[in-house]
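Me: Please take a close look at a single part of this model. I would like one connected account of it, in short sentences.

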Amino acid sequence: MLKRTDIVDGPNSVFKDYGLIYTCLCGWIDLAQARPITIRNLWSKLVGEAGIRSLKHPGFKVQYSQPPSRHTKGATKNYYVRSGLSSAERESVTLAIYMEVAYGFQTVQSEFPYGWTADSGFSAENLVSNIIGFYRAVRPGRDYISMCRPVSKEDALEVWDTQNKVGKKRSRFFGTYIYPSIACGIGSGPMSAPLPNFLTGITPANKGPYFHRWNDREEGIS
């Protein structure tokens with residue numbers, strides 16, 4: 001649950017792994033959630049095809065988790081992923097797995113009893129921060145946070161103080177909320193908005209021949 005005191009200066013914090021910043025194109029970003037650590041682990045599993053092999057299909061088991069916090073339990077799911085996917089196919093499957101587990105994690109945070117003690121479930125910064133972390137892991141080499149156009153701490157505080165704390169706005173889609181901001185030249189809102197183009201280059205795969213939920217019986221594992 002992020003607080004006003006978590007707000008840091010955007011332009012000077014793009015490479016930090018903690019703090020809350022406001023950006024003109026991506027809205028609020030939680031720098032801790034935008035870290036690519038867990039998604040790098042998932043991506044390496046798909047690239048290296050590291051996992052229990054299915055006995056019935058040409059693929060392997062992948063487990064992905066979003067860890068628990070002090071206020072919530074985590075979310076873990078297991079998937080079958082087909083061997084021999086192209087790089088583009090692996091990107092699509094990785095994004096689909098990441099989005100499903102991240103959405104499940106936010107759902108847990110928003111439900112009883114966790115949602116009664118904190119307002120972090122589907123808070124406006126959550127899913128967009130997750131997507132930024134994904135791209136930082138799978139397609140590194142670009143400064144995605146700077147591309148979101150972060151504003152100063154003073155300007156971020158102005159958004160917080162005039163629009164209420166970030167947890168008061170819920171976002172159940174992988175987009176963002178843009179708020180009125182003098183620094184960004186935006187006078188109306190808040191309004192939901194799609195992700196900027198540099199965060200939409202990969203389309204999540206649909207469950208089917210490339211991947212699906214893992215079932216021991218279906219995969220011949222007893």
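This is a predicted model: local features need pLDDT of at least 70, side-chain atom pairs count only at pLDDT 80 or more; totals for chains, interfaces and linings use all residues.

Reply: Asp30 is buried, yet it has no salt bridge. The nearest side chain of opposite charge is Arg35, 7.4 Å away.

The side chain of Asp30 does have a polar partner. One of its polar atoms lies 3.0 Å from the backbone nitrogen of Ala32.

What else does Asp30 touch, leaving aside neighbours within four places in sequence? Its contacts are Leu2, Gly19, Leu20, Glu125 and Ser129.

Now the strands. Asp30 is found in strand S2, which covers residues 27-30. Strand S2 pairs with S1 in the antiparallel sense, over 4 bridges. A hairpin of 3 residues joins S1 to S2. Within this pairing, Leu20 of S1 stands opposite Asp30. Leu20 is also among the contacts of Asp30.

Strand S1 runs over residues 20-23. Leu20 and Tyr22 point one way from S1, while Ile21 and Thr23 point the other way. In a regular strand, side chains alternate between the two faces of the sheet. All four of these S1 residues are buried.

Methods. Residues are numbered from 1 along each chain as its sequence is written. Side-chain values use heavy atoms; hydrogens and water are left out. Buried means under 20% relative accessible area, exposed over 50%, partly exposed in between (1.4 Å probe, protein chains only). Helices (H or I, at least four residues) and strands (E, at least two) are DSSP runs, numbered from the N terminus. Two strands pair if DSSP finds at least two bridges between them. Lys and Arg count as positive and Asp and Glu as negative; His and the chain ends are not counted. A salt bridge is a side-chain nitrogen of Lys or Arg within 4 Å of a carboxyl oxygen of Asp or Glu. A polar contact is a pair of N or O atoms within 3.5 Å; within protein, one must be able to donate a hydrogen and the other to accept it, and residues adjacent in sequence count only if both atoms are side-chain atoms. Contact means heavy atoms within 4.5 Å.
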